Amino acid sequence: MSSTTGLTGAIKVGVVMGSSSDWDVMRHAADILTEFGVPFEAQVVSAHRMPDDMFRYAEAAADRGLVAIIAGAGGAAHLPGMLAAKTTVPVLGVPVPSRHLQGVDSLHSIVQMPKGIPVATFAIGTAGAGNAALFAVAMLAHGDAALRAKLDAFRARQTEVARAMTNDLTLDAKA
């Protein structure tokens, strides 16, 4: 899998995963980036099956203009940490749920990076993928007023959705 968005402009965010089976989770990051109009690429870069490709990807990330790499991995979850070891571009790690340990193994592998090689680690699964993308959007919005306005509007909608949840509550008044 190697694809770029139809969005115009230079690619700002890499969405990478260890296997195409991770796409069900990682597409949630892609959806958020698309919603905000952030140009990104999505591809498989396996730490274990294609380490040379992974190193080349990481080493070229800054020169290609990437501002963040959202890296999803399951199981041993070495992809985010190995990418972070080879680039200064911020790596946002997303633990992908695994069959046997439901992603807890991935979470521990990503969050326990040694001092000096940071990986921002997000929640297991789709919430983590979405939040990693929102984090990347926030990073980009820091220097882009139009993107910041979109993020502010998104957050305002989130607030209204939460407030409306009260309307869904019903009390069964039994006398």
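**Group meeting: fold, pocket and side-chain contacts**

Read along the sequence, the chain runs β-β-α-β-α-β-α-β-α-β-α-α. That gives six helices and six strands. Both are DSSP runs numbered from the N terminus: helices are H or I with at least four residues, strands E with at least two.

A word on the source. This is a predicted model, where local features need pLDDT of at least 70 and side-chain atom pairs count only at pLDDT 80 or more, while totals for chains, interfaces and linings use all residues. Residues are numbered from 1 along each chain as its sequence is written, and side-chain values use heavy atoms, with hydrogens and water left out.

Overall dimensions next. The C-alpha trace spans about 70 × 40 × 30 Å along its principal axes. Of the 175 residues, 41% are buried. Buried means under 20% relative accessible area, exposed over 50%, partly exposed in between, with a 1.4 Å probe and protein chains only.

Now the largest pocket. Its volume is about 210 Å³. Lining it are 18 residues, and the closest to its centre are Gly18, Ser19, Asp22, Arg49 and Gly74. A pocket here is an open set of points on a 1 Å grid over the protein atoms alone, where a 1.4 Å probe fits, with protein on both sides within 12 Å along at least five of seven lines; lining residues have an atom within 4 Å of a point. Volume is the space filled by probe spheres set on the points, which are joined across faces, edges and corners. The lining divides into seven nonpolar, nine polar and two charged residues. Asp, Glu, Lys and Arg count as charged; Ala, Val, Leu, Ile, Met, Phe, Trp, Tyr, Cys and Pro as nonpolar; the others, Gly among them, as polar.

On to glutamate 41. Where does glutamate 41 sit? In strand 3, residues 40-44. Glutamate 41 is buried, at 5% relative accessibility. Its side chain makes polar contacts with the side chains of tyrosine 57, at 2.7 Å, and arginine 64, at 2.4 Å. A polar contact is a pair of N or O atoms within 3.5 Å; within protein, one must be able to donate a hydrogen and the other to accept it, and residues adjacent in sequence count only if both atoms are side-chain atoms.

Last, a ring. Lysine 86 lies over the face of phenylalanine 55, 5.1 Å from the ring centre. The rule: NZ of Lys or CZ of Arg within 6 Å of the ring centre and within 35 degrees of the ring normal.
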